Amino acid sequence: MKNDATNVFQKNMILLDSEVKSQDEAISKLIQQAENMDLLSDVDLFRESVNEREKIASTAVGYNIALPHGKSNSVKSPFIGFLQSKKSFKWNEDGDEFVTLIFMIAVPEDDSNNLHLKFISRLSKKLLDEEFREFLTETKSKSEAYKFLNDVINN
């Protein structure tokens, strides 16, 4: 198992123009894609880790962005999935945050390097950048999104 920050974004984990209307749909779509790419050994175990983290505190961070994440033994290699929703939707039933950009961060349980915190930190800094958010909201090119996101994480 590779446990470093290289190649955490994979082009096929970038889902643009998605028809999702809820947190559960967005997370399910990203998890399904991760399963299709053989990034997870146990989908239910990983989903449970993401849901448990969400119960602690909402991962909606403002600016129409959510960062759901999970640490699980089912993660074969660290990855970040990105989903761009066609329409804004309420992330939590009991919250006020609406989202269109969802970054799902997945790391192995034995994440001794705290990669998920590094990923969240790098993304969070860029989330304050209006041009960053605008690009990700408007792009229709998976290739451009892939290059853009890799540059953010690896620099």
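Glu-52 and Lys-55 form a salt bridge, with their closest N and O atoms 3.1 Å apart; the term means a side-chain nitrogen of Lys or Arg within 4 Å of a carboxyl oxygen of Asp or Glu. This is a predicted model, in which local features need pLDDT of at least 70 and side-chain atom pairs count only at pLDDT 80 or more, while totals for chains, interfaces and linings use all residues. Residues are numbered from 1 along each chain as its sequence is written, and side-chain values use heavy atoms, with hydrogens and water left out.

Both Glu-52 and Lys-55 lie in helix 2, 3 residues apart, about one turn of the helix. Helices (H or I, at least four residues) and strands (E, at least two) are DSSP runs, numbered from the N terminus.

The structure holds 6 salt bridges, including these:

| Pair | N to O distance |
|---|---|
| Glu-19 and Lys-86 | 3.1 Å |
| Lys-76 and Asp-38 | 2.5 Å |

Lys-76 is in the loop between strand 4 (69-71) and strand 5, and Asp-38 in the loop between helix 1 and helix 2, 38 residues apart. Glu-19 lies in the loop between strand 1 (9-18) and helix 1, and Lys-86 in strand 5 (residues 79-90), so their pair ties together parts 67 residues apart in sequence.

Glu-19 is exposed at 53% relative accessibility, whereas Lys-86 is partly exposed at 45%. Here buried means under 20% relative accessible area, exposed over 50%, and partly exposed in between (1.4 Å probe, protein chains only).

Asp-42 is partly exposed, at 33%, and lies in the loop between helix 1 (23-36) and helix 2 (43-56).
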